Amino acid sequence: MLNHKGTQTIQTERLTLRKIQENDYIDMYKYTVKEEVAKYVSWTPHESINDTKALCDMWIDEYKNNDRYNWAIVYDNTVIGSIDVVKIIDTTAMIGWQIDSTFWNKGIVTEAATAVRDFLFGEIGIEAIEAEYVDKNIGSGRVMQKIGMTQIPLKDSLSYSVRHIAEVDGMPIICYKLTKKDWIIKNVKILKVEKDTDNAKELLDFIKNCSWLEVKEHLALMVENWGFTEWETIFVATVNGKIVGMCSIMKTDYYPLPELYPWISSVYVREDFRGNRISEKLIEFANHYAKEIGFYETYIPTEFEGLYEKYGYQFIKEITNYGGGIDRLLVKEI
């Protein structure tokens, strides 16, 4: 399910991506009249500034729908182009862009497209992004490659399923695609959280807003008061700088078994990032840390069968937690 938020302002290193505003047509007309800008897109050069104003007004009116995503690309306080989601079908979004030729070959579209990609995957829940270009427009193709997209057969694309068009003015259409899964794999990082750092503050917010009701209150207090002792600590998984998962390594857990440690505990991944082996990466990182500090095995408790066995853990026995519930105890040599 998508979490539509509408066109939000996005700040990048050089650019501001924001909603198109009433007077933007004045800047936009500087490039909508250019033959070279319109050469490989679906519109013709504007003959009058009124054409650009009408387009601008139409786009502004579309913002009343919160599933409309259309950004002005602002560079040095000037609108030099736009980038938008042309169509969304199910959880696939098709994106497109246009930019003043004065600013070609400066990495600006790549910077804008990267930001939109991250917003759609990270905030809206889009599962795949597609874009297309005619084969002579190699600049757009390079942008798609630079943001991680790969070419797919045109007939497998969202665009072809809607329009059934394979060429424009005799020029073949080429389609590229990137899935959220591939984006996560390329961008996920595992970090050890240190006390009194920005990561610790971000982790506390993440825990307070997570859906794991049984654990969040206790774990939030643990992080807030930094109740980790000796070698105990907590790790986070980040995608594009935002925390999407966590796990800890502890000397004790919710069980009367003080002779067994270390425990891999509090393994959690945000729902919309599950299914991408982030838990596995967190546990691998925790095990590497445990080995570095001199341990040769780690324990992990769970109520589920088959959840951690695929990561090399083996069932030892059933154990009773402090609440009286029965869980399964697993161990792995590291």
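In this predicted model, the axes of helix H1 (residues 24-32) and helix H3 (residues 49-62) come within 9 Å and cross at roughly 125 degrees, where axes are lines fitted to C-alpha atoms, for helices over the stretch in contact, and angles run from 0 to 180 degrees between N-to-C directions. Residues are numbered from 1 along each chain as its sequence is written, and helices (H or I, at least four residues) and strands (E, at least two) are DSSP runs numbered from the N terminus. Local features need pLDDT of at least 70 and side-chain atom pairs count only at pLDDT 80 or more, while totals for chains, interfaces and linings use all residues; side-chain values use heavy atoms, with hydrogens and water left out.

**Helix packing**

- H1 and H3 are therefore oblique to each other, given that angles under 35 degrees count as roughly parallel, over 145 as roughly antiparallel, 65 to 115 as roughly perpendicular and the rest as oblique.
- On the H1 side, Asp24, Tyr25, Met28, Tyr29 and Thr32 meet Ile49, Thr52, Lys53, Cys56 and Trp59 of H3, contact meaning heavy atoms within 4.5 Å.
- Sorted by class, this contact of H1 with H3 has six nonpolar, two polar and two charged residues, where Ala, Val, Leu, Ile, Met, Phe, Trp, Tyr, Cys and Pro count as nonpolar, Asp, Glu, Lys and Arg as charged, and the others, Gly among them, as polar.

**Nonpolar cores**

- The largest nonpolar core has 63 residues, of which Leu17, Trp97, Leu120 and Ile278 touch the most other members; such a core is a set of buried Ala, Val, Leu, Ile, Met, Phe, Trp, Tyr and Cys residues joined through side-chain atoms within 4.5 Å.
- Helix H4 (residues 108-124) gives the most to this core, with ten residues.
- Apart from this core lies another, of 20 residues, among them Val193, Ala200, Ala220 and Phe228.
- Not counting residues up to four places away in sequence, Ile278 touches Ile184, Val188, Ala237, Val244, Val269 and Phe273.

**Backbone features**

- The peptide bond from Tyr261 to Pro262 is cis, with omega near 5 degrees, and Pro262 has its place in the loop between strand E12 (242-250) and strand E13 (263-269).
- Ser266, in strand E13, has phi near 55 degrees, a positive value in a residue other than glycine, and is buried with a relative accessible area of 11% (buried means under 20% relative accessible area, exposed over 50%, partly exposed in between, with a 1.4 Å probe and protein chains only).
- Asn105, in the loop between strand E5 (92-99) and H4, likewise has a positive phi, near 60 degrees, in a residue other than glycine, but Asn105 is exposed, with a relative accessible area of 79%.
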